[in-house]
Amino acid sequence: MTPFVSQSIVKISFPAECYTLNSFVTGEMGCFHVIEADLVYGIKLCTHVSSPVMILKRMRTERSQETVQESTIRRRIRNEADNRRRPKRVRIRNDVEEHNCGTMSEQCGFCGAVYWKEEKNTAHKYTKCCHDGKVQLPAFPDAPELLKVLLTENSPDAKNYRQRIREYNSAFAFASMGAQIKPPRGTGPYCYRLHGQVYHRVSPLYASDQHKESYGQLYIFDSSEATEKRLSNNQNCLQHVFEKLDFMLREINPFAQSYLQMHRLVQEHPTTSVKMVFLEDKNLDMRRYNAPTLCTEVAAIFVGDNGEPPANRDICVYPVGNTCQSISPLNQCCDPMTYPLLFPRGECSWNTGMEHVEERRTAKLTRVTQLQYYAYRLSQRNGFSILHNSGKLFQQYIVDAYVKTEGSRLHFLRQNQKELRIELYRGLLDALECRAHNENIRTGKLIILSSSFQGSPRHMQQNYQDSMAMVRKFGKPDLFLTFTCNPSWSEILNSMEGVQRPEDRPDIIVRVFNMKLKELLEDICKHGIFGTVLAYIYVIEFQKRGLPHAHILLTLDSESKIRTKDDIDKFVSAELPDPCTDLRLFQIVTKCMVHGPCGTININSPCMRDGQCCKSFPKQFKDDTEENVNGYPIYRRRATEPVQVGKYSIDNRWVVPYNPWLLKKLMRILMLKFVPQLKVSNTYINMYTKDLMQPRSKYKKKVLWIMMKF
């Protein structure tokens, strides 16, 4: 048998360790001869090995025969090699500069979307907009001058329009959006939040006696009469703004023209059935219908009863009817009919026939998905965009887009249960049928959500088990860190256009937060500001008004573990800094790291429960840190002179624990806690992984920030 010769790197992986032999190997089938090799981790080289299994057996034999001194030497060599490849803890300096991502100066080479430089992926490309050139959509035409003025100027009319933009849009919409809207309680920035199912409905051409005229029915009246009817339902809006918008839409919107054309045909043929169909596909073969009497840009109007009924996803408007018709979220007319002030020229949205660019498509995936379509449209590009300047209506559009995308995924899982091999869950089905039989009830149809579906119980359970496996492997976490988004970051404020405010651009907020979070993890894991990190677990949540924040658990190696109260004081501070020594840190702490105040000082604080603070503020003064009191550390809070923060006088009892270095670099709430006991760390793991499995409304707020998934 002819031997072979090759230069190779032989990697032999064992359950506990990985040994690497850099060797020049010659051999025949079934055996290897090691000519030359390097010693790594104290491995004794063998001149002839039959297989990796024999290497393992020989090493076990040699280890069982080695003396204590030899074992010590071998472990010391291994530990030295580990320390050489691990990152060293950086020296903490007081003059750290604030992290700045710069400006959105980078552009996608395919679609022109603008990015920050730090948003490149691992391949050093910008792919979140058009998926590396696979998606190419026609650009929207220039915005009407009226909408530009209302969205950018500071006149009373423009301010009223931006404040009531959702009411204006609903008054001019051709289709309604039904949902259970639940805004957060209290005062603060506007946040669009809804619960439950979302419905889109279109009404008949004429209103019944029991209902008022609304939506598309108003376009068959003259402008002044339609304005009066709209104003009666929206008394906080301005009449002359209604008149200008009505004139604009009648001129350029094809849906308004279609409703008016249908009304004229009904008047001309009062005894004949008339229907208007907004087709899902404009290129549909019209031979399945009779020839339409009239065609507009978006609809076909038929006079007579002949021809097949419309397809399931086509929108059919009849002259009269007792109920409204539901619109399929897959119909391309759904968005322009629901948001006429975002798409004033009736630009159609995603449809099932959209395909990737032929030169860049793959053999298996050729269609543009809903997620890819909305990712393309939500990406910012140079020039004025009605979508990104519409404030509250932009938030509603994002939530609606997320609901449609998630609904399509759920529909796919519902229709493809066989491909998901649900027969593997036969035992679960048998148990349910047995219980139903015993309790004399009828079982419904069970739909299995796979673990690949984000937010499903199996997905959450899988994440929880992964987190607990990391705790079993690397030990309990040592540090608990909370990182909160700051809407006053310079990157966010510099990205605002004209009269925009941070709450108007949730896409910008989550993009900047994601870059800051990456920088934080790089400082912790690569630069080792707390030492060598063996493992970390984090979860991103959204506050009541939409700002994202991350909870991070860090596990340090044995040499970096925090063991004494001096180590705790080195990384965690719960005191106001001296303004004479570090004025910048003092300003950041008093702005971002002061709780409340609450209690008797402010009984209306959101943290008050039954007359007491749920966070146990104010804390007690302490001259020294106590390492472990009932599983939690008590940080040093020395009694000092109070300082004036706003209209309140506060001292160290109100300070949230923080790390000075990270706080000055990222300028946002960075609550840092030392985790001394295993039961406490397990509590954090359960809070931020397993608890996400509960179907509570708190975790449904993430639908507002769809860009995080894009």
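In which sense do S7 and strand S8 (residues 194–202) pair, and over how many bridges? The pairing of S7 and S8 is antiparallel, over 5 bridges. The views below come from a predicted model, in which local features need pLDDT of at least 70, side-chain atom pairs count only at pLDDT 80 or more, and totals for chains, interfaces and linings use all residues. Residues are numbered from 1 along each chain as its sequence is written, and side-chain values use heavy atoms, with hydrogens and water left out.

**View 1. An open sheet of 3 strands has the order S7-S8-S13, with antiparallel pairing.** Strand S7 (176–181) and strand S13 (325–326) each have a single partner strand, so one side of each lacks a neighbour in the sheet. Strands (E, at least two residues) and helices (H or I, at least four residues) are DSSP runs numbered from the N terminus; two strands pair if DSSP finds at least two bridges between them. Gly178 has Tyr199 in S8 as its bridge partner.

**View 2. Helix H11 (residues 392–415) lies across S7 and S8.** The helix runs at about 90 degrees to S8. Axes are lines fitted to C-alpha atoms, for helices over the stretch in contact (heavy atoms within 4.5 Å). Angles run from 0 to 180 degrees between N-to-C directions.

**View 3. Tyr259 belongs to the largest nonpolar core, which has 76 residues.** Such a core is a set of buried Ala, Val, Leu, Ile, Met, Phe, Trp, Tyr and Cys residues joined through side-chain atoms within 4.5 Å. Buried means under 20% relative accessible area, exposed over 50%, and partly exposed in between (1.4 Å probe, protein chains only). Leaving aside neighbours within four places in sequence, the contacts of Tyr259 include Phe174, Val202, Phe278 and Met337. Apart from this core lies another, of 40 residues, among them Trp116 and Phe513.

**View 4. Glu519 and Lys665 form a salt bridge, with the closest N and O atoms 2.8 Å apart.** A salt bridge is a side-chain nitrogen of Lys or Arg within 4 Å of a carboxyl oxygen of Asp or Glu. Glu519 lies in helix H15 (residues 506–525) and Lys665 in helix H18 (residues 660–666), 146 residues apart. Glu519 is buried at 13% relative accessible area, and Lys665 is buried at 10%.

**View 5. Glu575 and Arg636 form a salt bridge, with the closest N and O atoms 3.9 Å apart.** Glu575 is buried, at 10% relative accessible area, whereas Arg636 is partly exposed, at 25%.
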